[in-house]
Amino acid sequence: AVQLGSEFTISFWVYPTTVPGANQTQQLLELGGGNGIVYDEGVIMSQLDSYRQTPFPSTNQTHVHFTEPNMWHHVVFVADGTTASFYMDNHTVFGYGGASSTRKFTGFSAAGPGLLQFGLNFVGYIDEVKMWTRAVGLEEFTSSHIMFAREVPSQSTG
């Protein structure tokens with residue numbers, strides 16, 4: 001069994017082959033208690049403490065970044081004990097907790113997430129799953145190329 005603790009990083013590549021319709025949420029990463037990363041209506045988003053956050057929100061919160069199917073996307077989830085961050089395709093998507101966040105995050109216990117499961121009802125591929133028992137920042141990923149066996153897709157963010 002994997003024991004991640006309250007500080008951890010999980011990164012993986014995902015290749016959706018279909019676009020789920022309304023009320024057809026697919027779990028990419030389940031961390032217990034409904035927390036994790038989901039794919040819903042063509043958008044990969046984080047879900048923590050009952051909040052869903054879509055990628056690359058605009059100021060009016062009406063624009064979301066559609067996740068292109070049939071191509072690889074790099075997903076990273078980082079928990080540092082009091083905050084959590086979600087990165088996709090080399091972009092900071094959203095942070096939970098901390099003074100600058102609009103979303104609260106209670107954190108994970110010292111034992112770590114209550115569940116660790118990949119790909120529940122996901123239609124597509126998940127590859128190159130990597131886990132650390134520490135918080136790895138986006139800068140470390142991009143500067144060291146520790147996760148870029150594939151090229152990150154070039155996509156509009158707005």
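The following questions and answers concern a predicted model of a protein.

Q: How many helices and strands does the protein have, and in which order do the elements run?
A: The protein has 1 helix and 10 strands. Read from the N terminus on, the order of these elements is β-β-β-β-β-β-β-β-β-β-α.

Q: What percentage of the residues of the protein count as buried?
A: A residue counts as buried when its relative accessible area is under 20%. The protein has 158 residues, and the share that count as buried is 44%.

Q: What share of the contacts with a separation of 6 or more is accounted for by residues 24 or more positions apart?
A: Two residues are in contact when they have heavy atoms within 4.5 Å of each other. Among contacts in the protein with a separation of 6 or more, residues 24 or more positions apart account for 61%.

Q: Leaving aside neighbours within four places in sequence, which residues is Phe108 in contact with?
A: With neighbours within four places in sequence left aside, Phe108 is in contact with Ser6, Phe8, Leu31, Asn35, Leu48, Phe77, Ala79 and Pro113.

Q: Which residue forms a salt bridge with Arg134?
A: The structure holds 1 salt bridge. The closest N and O atoms of the pair are 2.9 Å apart, and the partner of Arg134 is Glu140.

Q: Why does Leu116 count as partly exposed?
A: Buried means under 20% relative accessible area and exposed means over 50%, with partly exposed in between. Leu116 lies in the loop between β8 (91-96) and β9 (117-118). Leu116 is partly exposed because its relative accessible area is 30%.

Q: What accessible area do Leu116, Val129 and Met131 have together?
A: These three residues form a nonpolar patch on the surface. The accessible area of Leu116, Val129 and Met131 together is about 200 Å².

Conventions: Residues are numbered from 1 along each chain as its sequence is written. This is a predicted model: local features need pLDDT of at least 70, side-chain atom pairs count only at pLDDT 80 or more; totals for chains, interfaces and linings use all residues. Side-chain values use heavy atoms; hydrogens and water are left out. Helices (H or I, at least four residues) and strands (E, at least two) are DSSP runs, numbered from the N terminus. Buried means under 20% relative accessible area, exposed over 50%, partly exposed in between (1.4 Å probe, protein chains only). A salt bridge is a side-chain nitrogen of Lys or Arg within 4 Å of a carboxyl oxygen of Asp or Glu. Patches are made of residues with over 30% relative accessible area and no salt bridge: like charges are joined within 9 Å, nonpolar side chains (Val, Leu, Ile, Met, Phe, Trp, Tyr) within 5 Å. Accessible areas come from the Shrake-Rupley method with a 1.4 Å probe; for residues, only the protein chains shown count as cover.
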